[in-house]
Amino acid sequence: MNIAVIDYQGGNVQSVLFALERLGVTNAVLTSDPAVIRQADRVLFPGEGEASSAMRALRAAGLDKVLPTLTQPFLGICLGMQLLGRHSEEGPAGGTELLGMLPFDVVRFTPPDAAHKVPHMGWNNLHDLQTPLFAGLGGQLVPGDKLGFQSGFNQAVEARQSGNSLPHQPIAADYVYFVHSYYAPVGDYTIAQASYPAGVPFSAGVRYRNFYGVQFHVEKSGPVGEHILRNFLTGDLG
Amino acid sequence: MLTKRLIACLDVQNGRTVKGTNFVNLRDAGDPVALAARYAQEGIDELVLLDITATVEKRRTLIELVRNVAREVNIPFTVGGGIGAVADVEALLLSGADKVSLNSSVLRQPGLIDELARRFGSQAIVVAVDARQTNETAASPADEAWEVFTHGGRHPAGREAVAWCREAAERGAGEILLTSMSHDGTRDGYALGFTRAVAAAVGVPVIASGGAGAAPHFRDVLLPGGADAALAASVFHFGDLSVAGLKNYLLAEGVAMRPVG
């Protein structure tokens, strides 16, 4: 399996490569070459830092035109997820135009009181999980039908039940590591939620067709993160 | 919900872990990569590597250590200790560190916080503040006076601590690592009033450090103390508290925690 990690000087790619290595993937390619990216079986799109500089770097590499044309399973991580949206409040006056691949606008957390800090930093639990990306996690699984991935979901569950697939470590709770000041609101594209403040959900995961994104650092989220990453590598993600 | 974090701190010198009492009498507590991996497996939420090496080899050995930890460990970690140059921050982040912590360098040149936050994002920039109470006989927490110190607590920086934390956060620090030099190594508990004052003064997360000796100390600094995270070293290194035991205690005490297991 060929795995491409997109390199656009946009963040902590090394951590993603190491996370893949821990799962036994040693041949992942760090690249900004459209030809290499197109040929990969899976594409990972990490991102950290600030939205407008990330978009500038993507445009400079011509990747803003390439990414929307990809057809293999694709996973944006953290800022890499946010960049899939239409617009972000982050950036110089007026914010930043994003890739426009998913119909959400990224906004800044507005804490209700001094006890709620921004960035939203630390371990938070996922809920309302959908799609095979999250198959096997202990949270409440909601097989979605509106986006048509029911069958993929069932296959992943069956594969897991038959013992053919992924999970190796028992997972008590679906806590993953977040660090972000901006978020995508919940919408039809949302496939996982987390809440901050408590009771106020935002998109922890998004999907449109083959394009998936997670707001949390899947590469730094302990056994839960490794489980999700393994699902991404081996699951039927349509 | 968002949980409070437990952070194990590994003080590193020449590639080995050390921890002192009030920053003297350093003792060897093992290999940092093995120790980091063990803590991650035991359920610690985050790690801090503080490098106290003061040789010309420092930069190379620290980058190598960061790579080795990032390769082994599947949770976030911060690296700090004598880091000042933008190029060093970049090299450490590119080697797999999630955050870099800065202390003396940003006291000398506060504008560096703005520059680093612009360049790498606030989420990657931690400002570490070592403070000492300068009127130990204060009648109440509101009367406590806290000054910033550098060089392991030897040199006063000429800054009032709460004001400096506020300035660091406003300049773009994504997190404050707050160490009470008056409590560090005592095992008598964290500086509660001081931590609460800083947590109320800044809009970013605060890590409390210095004084952890028993499980109730963690509860006190995370609940009434208002800290977002509690950092400790010796109580973990020497096995006084297990991560799982501490987390179970804190969960029972009503502290939001990522459960172990």
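I started with one residue pair: His87(A) stands opposite Glu97(A) in strand E6(A). For my own bookkeeping, strands (E, at least two residues) and helices (H or I, at least four) are DSSP runs, numbered from the N terminus.

Ground rules next. I'm looking at a predicted model, where local features need pLDDT of at least 70, side-chain atom pairs count only at pLDDT 80 or more, and totals for chains, interfaces and linings use all residues. Residues are numbered from 1 along each chain as its sequence is written, chains are lettered from A and ligands numbered from 1 in the order in which they are written, and side-chain values use heavy atoms, with hydrogens and water left out.

**Entry: the sheet**

I went back to that pair's strands. E5 (residues 87-88) of chain A is joined to E6(A) by 2 bridges, and they run antiparallel. Two strands count as paired if DSSP finds at least two bridges between them. I then traced the open sheet of 4 strands in chain A, with order E6-E5-E7-E10 and mixed pairing. E6 (96-97) and E10 (182-183) of chain A each have a single partner strand, so they stand at the edges with one side lacking a neighbour in the sheet.

**Entry: chain A overall**

I looked up the tally for chain A: 7 helices and 13 strands. Of its 238 residues, 58% are buried (under 20% relative accessible area, with exposed over 50% and partly exposed in between; 1.4 Å probe, protein chains only). Chain A exposes about 8,800 Å², with carbon and sulfur atoms supplying 49% of that (Shrake-Rupley method, 1.4 Å probe; for residues, only the protein chains shown count as cover). I also checked contacts (heavy atoms within 4.5 Å): among those in chain A with a separation of 6 or more, 71% are between residues 24 or more positions apart.

**Entry: where A touches B**

How many residues does each chain put into the contact? I noted 33 from chain A and 38 from chain B. The area buried between them is about 2,800 Å², and carbon and sulfur atoms give 54% of it (accessible area, 1.4 Å probe, that two parts lose on being put together, summed over both). In chain A, Lys117(A), Met121(A) and Trp123(A) lose the most area to chain B, together 26% of what that side buries.

I counted 3 salt bridges between chain A and chain B (a side-chain nitrogen of Lys or Arg within 4 Å of a carboxyl oxygen of Asp or Glu). Lys220(A) forms a salt bridge with Asp98(B), their closest N and O atoms being 2.9 Å apart. Helix H1 (13-22), strand E8 (120-125), strand E9 (175-180) and helix H7 (222-234) of chain A each supply at least two residues of the side touching chain B. E8(A) gives the most to that side, with 6 residues.
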